[in-house]
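Trainee: Before I use any label in this model, I want to see the criterion behind it.
Mentor: Then let us look at the model and go through the labels in turn.

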Amino acid sequence: MPRTRSSTSVAAPVSGLRRRWVPPEGSYDLRLALTPLRRGPADPTYRVLPDGSVWRASRTPAGPGTLRMSAVGGAVDAEAWGSGAEWLLDRLPDLLGASDDPAAFVPRHRVVLASQHNHPGLRLCRTGLVLESLIPSVLEQKVTSIEAYRAWRSLVRKYGEPAPGPAWRGRPGDGLYVMPDFRTWALIPSWEWHKAGVDAKRSSTILRAVRVARRLEEAAAMEPEQAAARLRLIQGIGPWTAAETVQRSNGAPDAVTVGDLHIPGIVGYALAGERDADDARMLELLEPYAGQRHRATRLIMMSGRIPARRAPRMELRDIASI
């Protein structure tokens with residue numbers, strides 16, 4: 001469960017557009033569906049308040065928008081503000097997992113079955129927005145999560161804009177922000193990337209992506225395999241980054257994250273007791289879940305069956321000090 005600061009509050013004198021979505025029959029977990037969209041505990045585009053509501057700020061094709069979602073009984077109540085409000089509410093069901101089909105998944109291992117039993121409300125989200133998942137995924141390439149989250153937080157707060165709608169109150173920096181538009185990303189000076197701890201390889205990849213942002217955003221309407229192929233046409237975007245993106249933008253149930261430092265060992269250990277499994281072995285073990293391999297991997301990651309760490313943690317790098 002995401003941690004929140006109880007000191008953060010929202011003044012909501014201005015009403016936004018509203019919509020209620022009723023999930024299909026069965027269990028549903030709002031935060032479980034949306035958690036993959038959260039980039040670290042202090043993501044400036046994502047907040048969970050003590051009342052259980054989830055807030056997201058997005059840059060939609062119609063403009064910036066803020067979306068508040070709350071589970072109420074068996075439904076999800078949503079309210080949205082900004083020029084992107086209508087766009088966000090139109091796509092609310094997909095965001096919350098309406099286009100996902102959990103019934104298509106059949107557990108083949110006890111650990112997966114147990115995890116599914118413990119997380120019956122899992123549905124895969126689909127944002128319909130590519131760059132908002134692609135850019136933070138590029139920032140996460142070959143660095144620790146701490147470094148990547150810090151870079152995302154720094155760049156969004158400095159070059160993004162306050163989210164539309166209710167005024168946020170709390171500690172400095174607690175406000176909700178919309179990520180920069182594509183032109184602003186392209187105009188960030190090289191030294192500002194450096195100050196944010198982003199090396200030239202990752203910043204160059206983001207710059208290449210935002211120059212063809214409209215073509216990449218079209219991938220949200222494609223089948224996941226075609227969407228990933230389009231992303232990989234950009235130099236610096238490989239299988240890992242493409243999978244991490246389409247899992248979120250396209251709700252891809254079969255997009256396997258290959259090239260990860262930890263996931264093959266976790267999958268290998270959970271399914272076969274093989275903590276040293278590589279990508280090839282991971283894909284072999286996941287073969288019974290063809291078509292649903294991302295869902296299977298996510299259930300494994302939530303199972304708690306994680307091998308004890310044997311190697312030291314990846315060293316934090318302070319690129320800004322170089």
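Trainee: What should I know about the source and the numbering?
Mentor: This is a predicted model, in which local features need pLDDT of at least 70 and side-chain atom pairs count only at pLDDT 80 or more, while totals for chains, interfaces and linings use all residues. Residues are numbered from 1 along each chain as its sequence is written, and side-chain values use heavy atoms, with hydrogens and water left out.

Trainee: What makes β5 and β6 paired strands?
Mentor: A strand is a DSSP run of E with at least two residues, and a helix is a run of H or I with at least four, both numbered from the N terminus. Two strands pair if DSSP finds at least two bridges between them. Strand β5 (residues 63–72) and strand β6 (residues 75–81) have seven bridges, in the antiparallel sense. One of the bridge pairs is V72 with A75 in β6.

Trainee: Why are β2 and β3 called edge strands?
Mentor: The open sheet has five strands in the order β2-β6-β5-β4-β3, with antiparallel pairing. β2 (17–21) and β3 (46–48) each have a single partner strand, so one side of each lacks a neighbour in the sheet.

Trainee: How do you know that the span of α9 agrees with its residue count?
Mentor: The expected span is 1.5 Å times one less than the number of residues. Helix α9 (residues 200–211) has twelve residues and should span 16 Å; its end C-alpha atoms are 16 Å apart, so the two agree.

Trainee: Why is R295 with D100 called a salt bridge?
Mentor: A salt bridge is a side-chain nitrogen of Lys or Arg within 4 Å of a carboxyl oxygen of Asp or Glu. The closest N and O atoms of R295 and D100 are 2.5 Å apart, and the pair forms a salt bridge. R295 lies in helix α15 (residues 293–302) and D100 in the loop between α3 (92–96) and α4 (110–118), so the pair ties together parts 195 residues apart in sequence. The whole structure has 16 salt bridges.

Trainee: Why are E244 and R248 called buried, but R215 and E218 partly exposed?
Mentor: Buried means under 20% relative accessible area, exposed over 50%, and partly exposed in between (1.4 Å probe, protein chains only). E244 has 10%, so it is buried, and R248, also at 10%, counts as buried. R215 has 47% and is therefore partly exposed; E218, at 39%, is partly exposed too. Each pair forms a salt bridge: E244 with R248 at 3.2 Å, and R215 with E218 at 3.0 Å.

Trainee: Is T127 buried or exposed?
Mentor: T127 has a relative accessibility of 6%, so it counts as buried. Contact means heavy atoms within 4.5 Å; leaving out residues up to four places away in sequence, T127 touches L37, W87, L95, E132, R248 and S249. The side chain of T127 also reaches the backbone nitrogen of L129 at 3.1 Å.

Terms used
A polar contact is a pair of N or O atoms within 3.5 Å; within protein, one must be able to donate a hydrogen and the other to accept it, and residues adjacent in sequence count only if both atoms are side-chain atoms.
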